[in-house]
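Please look through the model shown here before reading the notes. They take a few local features in turn.

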Amino acid sequence: MPKPLRIGVLGLTHDHVWGELKHLAGLDDARLVAVADPNQPLLDKATQAHGCATHNSYDALLEKESLDAVFVASDNRTGAELIAKAAERGLAVMVEKPLAATYDGARRAVAAVEKAGVPLVVSWPFAWWPGLLHAIDLARDGEIGDVFQVKYRAAHQGPRELGCSEYFYGWLYDAKLNGAGALMDYCCYGSVLAATLLGQPTQVTGFADRFVKDHEVDDNAVILMRYADATAIAEASWSQMDKLTAYVPYFYGTKGTLIAGNKTLTLADAETPRGRSIDIPDPPAHMQSASAHFLHVLQTGEAPHALCGLANNLIAQQILQAGLDASRTGHTVTLGEAAPV
């Protein structure tokens with residue numbers, strides 16, 4: 001029987017990491033070896049929950065531990081640097097969304113991974129929604145005809161108000177470490193959906209500002225994407241009080257519309273213009289958590305799911321950068337061919 005893969009964690013300030021470590025603990029073919037973070041309370045939390053070794057610097061973990069792969073769960077800016085460091089040591093990497101704080105940072109991370117020839121998986125919380133996974137499959141298989149619009153709104157009342165830890169919202173409210181505010185944190189979802197179903201847009205415009213909150217970064221943002229024969233919209237808010245109008249992907253096609261949720265999926269078409277529920281197949285085990293998918297990629301050599309792979313995440317980061325640049329300058333950004341990495 002093969003030995004379990006040895007996993008290290010670089011960074012604990014991204015709150016998503018704690019749920020992912022629980023998923024990892026439930027897998028028989030991997031073992032958490034060590035974590036690294038400069039914040040001692042987070043190291044203590046990891047030790048108490050998982051009994052793993054701890055290091056107060058990322059370099060110490062990489063130098064002292066024998067590993068097969070790493071999770072990266074730091075701020076966006078540091079995360080891109082850690083991807084490159086891990087790749088240089090021949091380690092496979094899974095990073096919490098988005099890929100980086102900037103498009104340049106994402107390009108450098110991808111270049112390091114491709115040079116080293118190691119896998120990189122980007123973890124998106126909605127990548128494990130059965131409803132969304134099936135909707136993407138149906139849309140790509142032509143069930144709703146040619147897709148001409150993708151729309152997604154991600155919104156809540158704000159990271160601090162939502163109950164995120166001070167370690168998490170501390171860098172979410174830092175434009176240098178996050179890349180922006182709500183735009184980077186939440187427009188990234190709509191951007192990666194657009195990249196997955198439509199590819200790279202020809203033009204991008206964006207609007208981001210602080211309308212409600214007292215922090216320095218934007219709390220509301222919209223990115224609009226133009227394609228040759230389609231559009232996409234990514235919306236973000238850190239000041240929305242309701243849960244009625246957020247976290248629902250819409251895919252519009254020439255033959256119908258798909259509205260997806262975690263465990264729901266509605267199809268509207270000419271026969272049922274008000275929509276009908278679609279049965280959702282159970283996803284395979286390797287599509288039920290980021291940890292399971294990462295290990296599947298490592299064990300089989302298969303490419304990551306389209307939401308989690310390099311190509312679409314690099315496009316998503318390009319969209320985010322263009323949207324941010326447009327919001328600052330007031331000018332639409334025209335994109336040519338993706339820059340080589």
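What follows is a report on selected helices, strands and backbone details.

The coordinates come from a predicted model.

**Helix α2**

Helix α2 covers residues 40-50, and L42, L43 and A46 in it are buried. Viewed down the axis of α2, its buried residues fall within an arc of 105°, so they line one face of the helix. The elements they pack against are α1 (16-25), β2 (30-36), β3 (53-55) and α8 (166-172). After α2 comes G51, which has a positive phi, near 60°.

**Strand β11 and its partners**

Strand β11 pairs with β7 (residues 147-155) and with β12 (residues 256-260). The two pairings are set out below.

| Pair | Bridges | Direction |
|---|---|---|
| β7 and β11 | four | antiparallel |
| β11 and β12 | three | antiparallel |

On the β12 side, Y252 is opposite T257. Two residues separate β11 from β12, and the two strands form a hairpin.

How are the residues of β11 divided between a covered and an uncovered face? F251 and G253 belong to the covered face, whereas Y250 and Y252 belong to the uncovered one. In a regular strand, side chains alternate between the two faces of the sheet.

**Backbone details in loops**

Y247 is located in the loop between β10 (231-237) and β11 (250-253). Its phi is positive, about 65°, although Y247 is not a glycine. Is Y247 buried or partly exposed? The relative accessibility of Y247 is 27%, so this residue counts as partly exposed, the cut-off for buried being under 20%.

Another loop, between β5 (92-96) and α5 (103-116), holds P98. The peptide bond that leads from K97 to P98 is cis, and its omega is near -15°.

**F294 in helix α11**

F294 is part of helix α11, which spans residues 290-300. With a relative accessibility of 0%, F294 counts as buried. Which residues does F294 contact, apart from neighbours within four places in sequence? They are A69, V70, F71, A92, V93, M94 and V121.

F294 can also be placed relative to Q40. In sequence the two are 254 residues apart, and in space their C-alpha atoms are 27 Å apart.

Technical notes: Residues are numbered from 1 along each chain as its sequence is written. This is a predicted model: local features need pLDDT of at least 70, side-chain atom pairs count only at pLDDT 80 or more; totals for chains, interfaces and linings use all residues. Side-chain values use heavy atoms; hydrogens and water are left out. Buried means under 20% relative accessible area, exposed over 50%, partly exposed in between (1.4 Å probe, protein chains only). The arc is that of the directions from the helix axis to the C-beta atoms. Contact means heavy atoms within 4.5 Å. Two strands pair if DSSP finds at least two bridges between them.
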